Amino acid sequence: MTDTLHDNILKPKGRSMLRGLRGKCPRCGEAKLFRAYLKPVHDCSYCGQDWDSIRADDGPAWLTILIVGHLVGPLIVYFVLHPAIPLWVSFVLIPLLVAGLSLLLLPRCKGAFMGLIWATGAPTS
């Protein structure tokens with residue numbers, strides 16, 4: 001597919017976000033979006049899309065905190081309401097769960113945000 005043909009086609013937001021969520025280029029869905037944990041590639045090795053100009057800033061962190069908070073919050077309430085569970089269990093389990101979920105979700109949220117920013121053509125700073 002040529003660049004001019006691709007640029008004339010409407011960019012579906014959902015598909016671009018899902019591709020970014022998988023860590024793939026939101027434009028073509030073929031090449032990797034990240035060269036390191038949270039570092040995007042300079043440009044796509046398959047379609048040549050420039051990713052240096054797309055900045056997700058604080059959006060992925062906000063979404064990660066929102067998701068992790070909603071998943072872990074009920075567990076914290078459960079531990080508070082059930083005092084039969086030893087306190088050390090909650091002191092060990094909850095921080096590990098928060099850290100693990102955050103590390104798992106953050107790059108996926110960043111990919112989804114980059115896909116949405118690219119698909120909408122939103123201005124970046």
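In this briefing, a residue is called buried when its relative accessible area is under 20%, exposed when the value is over 50%, and partly exposed in between, using a 1.4 Å probe and protein chains only. By that definition R55, at 43% relative accessibility, counts as partly exposed. The structure is a predicted model, in which local features need pLDDT of at least 70, side-chain atom pairs count only at pLDDT 80 or more, and totals for chains, interfaces and linings use all residues. Residues are numbered from 1 along each chain as its sequence is written, and side-chain values use heavy atoms, with hydrogens and water left out.

**Confidence of the model**

- The predictor's confidence in each residue is given as pLDDT, from 0 to 100.
- The protein chain has an average pLDDT of 89, and 91% of the residues score at least 70.
- Helices (H or I, at least four residues) and strands (E, at least two) are DSSP runs, numbered from the N terminus.
- Among the elements of the chain, the lowest mean pLDDT, 48, belongs to helix α1 (residues 3–8), and the highest, 95, to helix α3 (residues 59–81).

**The nonpolar cores**

- A nonpolar core is a set of buried Ala, Val, Leu, Ile, Met, Phe, Trp, Tyr and Cys residues joined through side-chain atoms within 4.5 Å.
- The largest such core has 14 residues, of which C25, L33, C44, W51, I54, M114 and W118 touch the most other members.
- A second, separate core consists of seven residues, including V68, F79, I94 and L105.
- In soluble globular proteins, nonpolar side chains tend to be buried together.

- W51 is placed in the loop between α2 and α3, and it is buried because its relative accessible area is 1%.
- Contact means heavy atoms within 4.5 Å; leaving out residues up to four places away in sequence, W51 touches C25, P26, R27, L33, V41, H42, D43, C44, M114 and W118.
- W51 and W118 are 67 residues apart in sequence, yet their C-alpha atoms are 8.9 Å apart in space.

- T64 lies in helix α3 and is buried, since its relative accessible area is 5%.
- Apart from neighbours within four places in sequence, T64 is in contact with S102, L105, L106 and C109.
- L105 belongs to helix α4 (residues 87–120) and counts as buried because its relative accessible area is 18%.
- With residues up to four places away in sequence not counted, L105 touches T64, I67 and V68.
- The C-alpha atoms of L105 and G115 are separated by 15 Å, and these residues are ten apart along the chain.
- W62 is also found in helix α3, but W62 is exposed because its relative accessible area is 52%.
- W62 and L106 stand 44 residues apart in sequence, with 9.4 Å between their C-alpha atoms.

**D57 and the salt bridge**

- A salt bridge is a side-chain nitrogen of Lys or Arg within 4 Å of a carboxyl oxygen of Asp or Glu.
- One salt bridge is found in a search of the whole structure: the side chains of D57 and R55 meet at 2.9 Å, N to O.
- D57 occurs in the loop between α2 (13–21) and α3, and its relative accessible area of 44% is why it counts as partly exposed.
- Most residues other than glycine have a negative phi.
- The phi of D57, however, is positive, near 50°.

- Patches are made of residues with over 30% relative accessible area and no salt bridge; like charges are joined within 9 Å, and nonpolar side chains (Val, Leu, Ile, Met, Phe, Trp, Tyr) within 5 Å.
- L87, W88, F91, V92 and L96 make a nonpolar surface patch of about 620 Å², with accessible areas taken from the Shrake-Rupley method with a 1.4 Å probe; for residues, only the protein chains shown count as cover.
- V92 is located in helix α4 and is partly exposed because its relative accessible area is 43%.
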